[in-house]
Structures are given as C-alpha cells and as structure tokens.
Amino acid sequence: MASIADFANAPAPTYHMVRPPKTGLMDWLTTVDHKKIGILYGLSGLFYLLVGGLEALLFRIQLAVPDNDFLSGEQFNGLVTMHATTMVFLAVMPIIAAISNYFVPLMIGARDVAFPRMNAFSFWTFLFGSLLLNSSFLFGGAPNAGWFGYAPLTGSQYSGSGIDFWWTGLAMLAISSMVAGVNFIVTILNMRAPGMTLMRVPVLAWMILVIQFLLAFSFPPITVGLILLGFDRTFGTVFYQVSMGGDPQLWQHLFWLFGHPEVYVLILPSMGIVSEILPVFTRRPLFGHHAVIFSGIAIGFMGFGVWGHHMFTVGMGPIADAAFASTTAIVGIPTGVKIFNWLGTLWGGKITFPTAMLFAVSFIPMFTIGGLSGVMHSSPPIDLQQHNSYFVVAHFHYVLVGGALQGLFAGVYFYLPKITGKLLDETLGKIHFWVFLAGMNLTFFPQHFLGNHGMPRRIYTYPADAGWNLYNMLGTIGVVLMSLATLVMVYNVIVSWKKGKAAGNDPWDASTLEWMTTSPPPPHNFDFTPVVLSERPLWDHKRTPGFEIQMPEASESIHMPSYSWRPLMVASCILMIMVGLLTHLWPLCIVAALGIVAGVYLWVTEPA
Amino acid sequence: MSVHAQAIEEEGHGTGSLGVPNLKLAMWAFLGSECMFFGSLIGTYFFYHDHSLAGPLPKDVFSIGITSISTFLLLMSSLTMALGVDAMRRANAKRSRNFVWGTALLGLTFVGFQVFEFHHFVTTKGLTLATSLFGSSFYVMTGFHGAHVTVGVIWLSIVGWMIHRGHFGQEKAINVEVSGLYWHFVDIVWIVIFTFVYLLEFAK
C-alpha cells in the first residue's frame with residue numbers, strides 16, 4: 001500500500017526567484033506568499049474576534065439588569081454598531097480569508113494564488129481599512145447608526161464623525177474584498193493541478209469559489225451606497241436627504257443587495273469546512289458530494305434574489321413582498337439538501353470525536369435552528385411580528401455563531417496543525433467546545449422568547465417590570481461563558497504553537513492534497529506537482545491500487561514570486577485618500593491619487 | 001514545468017485550467033463586478049431623476065448635439081482600440097502603439113467634453129451636486145464613468161509607452177488585449193448612459 005511518506009523521496013526541486021528573499025519584519029511587510037498572507041489574515045481576524053467579543057461583553061453587562069447605567073445610550077449604540085461591523089467584516093471574513101489564502105492553493109495543488117501581489121494588496125487594504133474604522137474610538141466617537149447604517153440616521157444632522165470613519169473604512173474593506181474575489185475566482189478556476197476537474201475540487205474550495213463570486217458581485221452595490229453617503233456628508237449631495245425628496249429606501253436596497261449575499265459569504269465556508277471534516281472523522285466519503293457542491297452554488301445564486309426580506313416592514317408593496325417571500329423560502333431547499341447530506345455522511349460511519357469533529361457535528365443542529373427561524377421570517381406576516389425584536393437577534397446569532405463561527409472553530413482545530421506543524425491540545429479543545437456551546441445556547445435561545453415577549457433590539461436599557469429580567473441575565477452569563485471559552489482557545493493556540501505535539505504531514509488520515517505536503521508546507525507548497533485522478537486523491541493514493549499519486553523522475557525548477565513593496569505602497573495611498581476625505585485635506589487626496597498611479601506603474605513594471 | 005507552475009511563472013500570462021490566460025479571466029471577473037457597480041449607479045439615477053423637488057430638469061440641461069459628438073468620438077475609440085489589439089497580435093508594434101495612443105487621445109477628448117458639459121451645467125444652467133436629486137445622481141453617475149475613462153486614458157498611455165519602448169512584443173499582446181477589454185466595457189457603459197439617460201429624455 002502506498003503511503004504519503006513516499007513523497008519524502010521525491011526529487012528535490014530547485015528554485016529561482018528574481019530577488020533574494022527578505023527576512024524578519026521586512027519579510028512580513030513585503031511577502032506575497034499566500035501562506036504568510038493567510039497567517040496575517042488569521043492573526044488579524046483572531047484579534048478582532050476578541051475586540052468584537054469585548055464589545056459584546058460590555059453591552060451585555062449593560063443589559064444584564066434592568067434600568068442599568070453602566071453605559072450611556074450613546075456608548076451602547078457605538079458598541080452595538082462596532083460589535084456587528086467588527087464581527088462581520090473584521091473577524092469572520094478575515095478568518096475565512098485566512099483559510100482561503102492558506103488552503104485553497106494547497107487544496108487545488110497550486111504553488112500560489114493567481115496574482116500573489118494583488119493578494120498582499122487585499123490584505124493591506126483590509127488591515128488599513130480596519131484600523132481606520134477602529135480609530136474612530138480615538139477621534140470623536142465610534143459610529144453609532146447600527147451596522148446596517150440606515151439613512152437618514154447616518155446623515156450629518158443625526159450623527160457625528162464616527163460615520164465618516166465608518167464609510168471610509170468600509171469602502172476600503174469593499175475594495176479589498178472585490179480584489180480578493182477576482183483573484184480567487186481566477187485561482188480556483190484556472191490554477192488547478194493537472195487532472196483536477198471542477199468536480200474533483202474539494203468542497204471547501206468550491207464553497208470558497210462561490211463566495212468569491214458573491215464578494216465580487218455583491219460588494220459593488222454597497223460601495224455605491226457608501227459613495228453616495230460619503231458624497232452626501234462630504235460634498236453636499238442630497239441622495240439621502242428626505243427634505244430634498246431623497247428616499248431612505250435607496251440605501252436599504254443598496255445595503256441589503258450586498259447584505260444578504262454577505263450572509264452567505266459568512267456561512268458557506270463553514271459549510272465547506274463541515275463537509276471536509278465529517279468524511280474524515282466518519283471514514284466515509286461525503287454523502288452526495290455533487291449535491292453538496294451544487295446546492296452551495298444554488299445558495300449563492302439565490303443569495304442575490306432575497307434581499308427584500310430584510311425590508312418587509314418598509315412597505316415595498318404586496319408583489320415585491322410576495323416575490324421576496326417565495327425566493328427566501330426557496331433558499332431553504334438547497335440548505336436542506338446540505339443538512340441531509342451531512343446526516344447521510346454520519347449515518348453508519350465509524351465516528352470519532354476530536355474537537356474539530358465536535359464543532360462540525362454541533363454545527364448541524366445549531367445552524368438548523370437558525371435556519372428554521374430564518375424560514376419563519378420568509379413569511380411577511382410572521383416577519384412583521386418579529387421584525388426588530390430579539391427573535392431576529394436570536395435567529396441570526398444561531399446562524400452566525402452556532403453556524404459560521406462554530407464552523408470556523410472546527411476549521412481552526414482541523415487545519416491549524418497544518419499551519420503550525422503542532423496538534424492543538426484536545427482537553428483544552430473540548431473545554432472550549434462544551435463551554436462555548438453552553439454559553440451560546442444560554443445567550444441566544446432565551447432571546448427567542450424575549451423577542452416574542454416584545455423586547456425590541458437596540459434598546460440600551462429596559463424597565464424592571466417588563467418581564468425580561470431573567471432572560472437578559474442568562475444572556476449575559478452566556479456571553480461571559482463564550483468569552484472564557486474563546487480565551488481558552490487562544491491560550492490553546494499559543495501554547496500548542498510553542499510546544500504542542502508534532503502533527504506530521506497527515507494527522508487526520510485525510511483525503512485532500514493539502515495533507516500530502518509537510519506541516520508547515522515549504523514556500524513552494526509541493527516538491528512536485530500532483531496529478532489528480534479522483535475526488536479524494538490522497539485517500540485513493542493510500543488505499544486504492546492504481547490511484548497512487550505518481551512522482552516525477554526529475555525535479556522541477558520552480559519560479560517563486562519575489563517579495564514586493566508595491567502592494568503596501570498602493571494600499572497606503574488608498575488609506576491616504578480616505579484620510580484626506582475624512583479631514584477634507586484635498587491636496588492629500590491628489591498626492592495620494594498620483595501615488596496610486598505611480599505605485600501601479602512601478603507594480604506592473606516590476607519583475608516578479 | 002507544469003501547467004500551473006508556468007502560470008505563476010508569468011504571473012497572469014499563462015494559460016490555466018480553463019484554457020484562458022489568468023489575466024483575461026481576472027479582467028472578465030472584474031468587469032462583472034463593474035457591471036454591478038454601474039448598475040447600482042444607473043439604477044440610482046433612474047430611481048431619482050424625476051423625483052427632484054427643484055431646479056433644472058434633465059430636458060432643460062441636456063444638449064443632445066454636443067453629447068452626440070462626444071459619444072461618437074468615444075465609440076470610434078473602441079474601433080481604434082480593436083485595431084490596436086489586432087496590430088499587436090500581428091506583431092506590428094508601431095501600428096499598435098499609434099492606435100493605442102489614438103484611443104487614449106479620443107478618450108481624453110471625451111473627458112474634455114465632459115468637463116465642458118459639467119462646467120456649462122453648473123455655471124449657466126445652475127445645476128450643482130446639491131441642487132436636486134437629479135443633480136446629485138447625474139453628476140455622480142456620469143462622474144464615475146468619466147473617472148473610469150480617465151483611468152483608461154492613463155492606462156492606455158502607459159501601454160502605448162511600453163509598446164513604444166519595446167516592452168510588449170507579440171507574446172505579450174494579452175496586455176494590450178486586456179486593456180482593450182476594459183476600454184470596450186467603459187464604452188459600453190456610456191452607450192447605456194447615453195441611450196437611457198440622454199436620448200430617452202427626449203423620446204417622451
């Protein structure tokens with residue numbers, strides 16, 4: 001029987017690069033290696049996950065008891081807005097970007113992404129945008145109009161400079177996501193190893209491909225929405241000025257035309273991770289492999305046709321309401337296909353439960369609870385009752401925490417050993433899992449009842465006799481549990497990175513290409529280019545005679561892309577333009593724009 | 001060397017799994033994204049253009065004659081662009097450079113017309129960004145189109161310069177072709193804007 005240890009005997013490849021590599025800090029600032037960029041995304045995402053969690057902890061303390069004055073209403077609004085903005089754009093999306101960056105090229109047997117420097121540019125633009133957004137805490141207060149930033153709340157007459165930081169920061173994140181989307185569409189479609197047909201692309205890489213289309217096509221509407229908002233606030237246009245005939249619905253349409261596909265951006269990668277992990281720990285192939293892929297594509301398509309269900313209460317009229325109600329209900333079908341395929345995978349498997357598997361299995365019921373309450377909202381009469389109540393908060397936190405975040409935690413335990421070369425501690429992992437699961441359900445399950453008992457979202461305090469005291473106290477205790485559990489994970493990651501048990505190339509006896517190379521992989525990923533013969537190349541290599549991955553006779557000469565300062569340069573110029581817009585320093589904008597032209601010229605003429 | 005090692009080798013110039021060069025696929029994906037961008041801007045214009053509470057209306061400010069000339073120039077620039085790409089495929093660098101620079105010049109003329117148009121609207125027609133919903137949505141939509149043309153002009157000038165310096169031979173014709181894709185797209189957006197924003201105003 002073939003084993004992956006054989007790969008160690010592959011003829012050693014030779015490199016050539018245009019410039020000798022940098023070391024230390026300079027290396028991290030100029031790197032174009034998808035793995036290092038993945039690590040940068042991952043560390044940023046983890047940092048912001050803690051920031052967003054801290055924000056939640058603060059406003060949950062405020063809500064723990066009635067008539068509390070721990071926070072002012074203004075502070076509460078700022079923290080709620082930044083909690084959501086941070087969790088969506090700065091925590092979950094970067095962690096997804098980390099997994100995409102690190103693992104997509106490995107999964108498809110490529111040496112890097114299609115455009116390594118563009119990849120670095122996406123990261124720096126994201127990082128600068130996130131810093132700009134958060135610097136609002138230091139300069140005049142955080143944005144406080146909610147993460148959805150409804151007009152006219154965001155107008156100059158109702159909100160301060162926080163909104164300027166919000167729109168400029170988000171505009172940078174939109175640029176970053178659009179560029180990354182284009183880059184990964186090309187990478188996954190065009191950089192596959194020989195023999196890796198589209199149907200042999202791993203499910204996680206497929207789900208990442210789907211979300212890249214969502215990123216590339218759903219960010220432009222919010223970019224336009226933000227530009228219009230920026231023009232209103234900066235140049236005196238009247239897009240959202242009701243006194244000039246402006247219609248606040250315009251923002252809502254532009255925002256949710258982005259916002260709903262964004263929901264699928266957050267959840268599809270976790271579905272992909274679960275689809276990778278379940279087969280490994282059941283020792284079975286994924287049940288209905290192709291159905292899982294096609295249902296992911298269907299969810300992506302449908303994502304563009306359902307945004308109106310966020311707006312049933314604004315009065316779009318019965319025809320629009322009916323249309324959005326049916327499209328929303330239809331999304332439940334491909335989602336159900338996935339759920340049953342996961343159950344089918346578990347059925348009759350030889351199941352083991354390491355932490356990664358615990359999170360992956362727990363994803364299924366937790367996500368299903370959120371999914372079912374989502375299907376309830378597809379009905380306008382029910383939605384009208386629940387709109388703006390804690391029921392909705394419960395719904396999307398089951399999807400985003402029980403679903404997206406648990407999926408990503410599963411991914412951390414499953415994939416981090418490939419990055420660090422060390423296994424995470426299983427005992428700490430299980431403590432993390434059980435405490436987090438308890439905390440999550442303690443916080444969000446009672447919120448269904450809170451909503452039905454009439455507690456609206458986004459209120460900073462409530463009277464003692466409303467009957468909401470117990471559930472709010474439980475919610476706060478749950479958030480404390482989730483925070484502790486997350487700290488356990490952070491501790492686990494740090495300790496195991498330093499002195500964990502060595503993982504080896506293939507700790508889980510898995511079936512996809514990323515496990516055939518070393519942990520961590522060398523800069524060129526693979527010593528030789530694998531030729532893929534099946535949907536589970538590594539599994540078949542190890543178990544199916546005739547499907548062994550063949551090593552070449554002679555070594556390849558590998559061209560490695562060289563480091564570059566250009567991505568950082570251009571991203572800094574974009575930051576300068578945004579700062580110029582914020583401060584009304586027009587010369588700065590002009591200088592920065594010229595800097596972009598110069599930077600891009602130097603970029604394209606630089607030998608890579 | 002394997003297929004995709006080669007694709008990395010030339011960062012964007014190789015032919016990948018789909019049989020399309022990376023650079024071209026990336027441009028198509030980007031243009032798809034741009035469709036959503038201009039779709040949102042044009043959608044905003046249509047949502048708003050007859051909701052204005054005050055100020056000059058589209059019919060009061062548009063001058064079809066002048067805009068027709070600039071539109072014609074922009075359409076012709078797509079022809080010169082196509083000829084430039086074709087010349088590069090046939091390895092006629094000098095001819096390609098001339099057509100590419102010619103395209104940039106036509107684009108620049110279009111931008112000049114737009115600057116004149118904006119200036120005229122502001123000073124004699126009294127339509128500014130802040131006048132009305134029509135003013136806001138018209139200037140932002142056409143302004144972003146003009147900004148795209150300007151980016152294209154800079155891009156094509158540099159492409160022409162690099163052909164002139166001998167950096168792009170026939171094997172790098174893809175660079176010219178991809179700038180051409182962008183240029184045609186910007187042109188098509190203008191066809192939509194000219195037809196639906198300008199001409200339809202007078203069809204009613």
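**Exercise 1.** Determine how many residues of chain B are in contact with chain A, and which elements of chain B supply them.

*Solution.* Step 1: apply the contact criterion, under which the C-beta atoms of two residues, placed from the backbone, lie within 7 Å. By this criterion, 41 residues of chain A are in contact with 38 residues of chain B.

Step 1: assign elements, where helices (H or I, at least four residues) and strands (E, at least two) are DSSP runs numbered from the N terminus. At least two residues of the side of chain B that touches chain A come from each of α1 (3-9), α2 (22-48) and α6 (133-164) of chain B. The largest share, 13 residues, is that of α2(B).

Step 2: sort this side of chain B by class; it has 22 nonpolar, 14 polar and two charged residues. Here Ala, Val, Leu, Ile, Met, Phe, Trp, Tyr, Cys and Pro count as nonpolar, Asp, Glu, Lys and Arg as charged, and the others, Gly among them, as polar.

The model is predicted: local features need pLDDT of at least 70 and side-chain atom pairs count only at pLDDT 80 or more, while totals for chains, interfaces and linings use all residues. Residues are numbered from 1 along each chain as its sequence is written, and chains are lettered from A and ligands numbered from 1 in the order in which they are written.

**Exercise 2.** Describe the contact between the two domains of chain A.

*Solution.* Step 1: take the bounds, which come from an automatic or database domain assignment: domain 1 (4-10 + 33-561) and domain 2 (565-608) of chain A. Their centres, taken over C-alpha atoms, are separated by 30 Å.

Step 1: count the contacts; 12 residues of domain 2 of chain A are in contact with 16 residues of domain 1 of chain A. On the domain 1 side, α4(A) gives the most, with seven residues.
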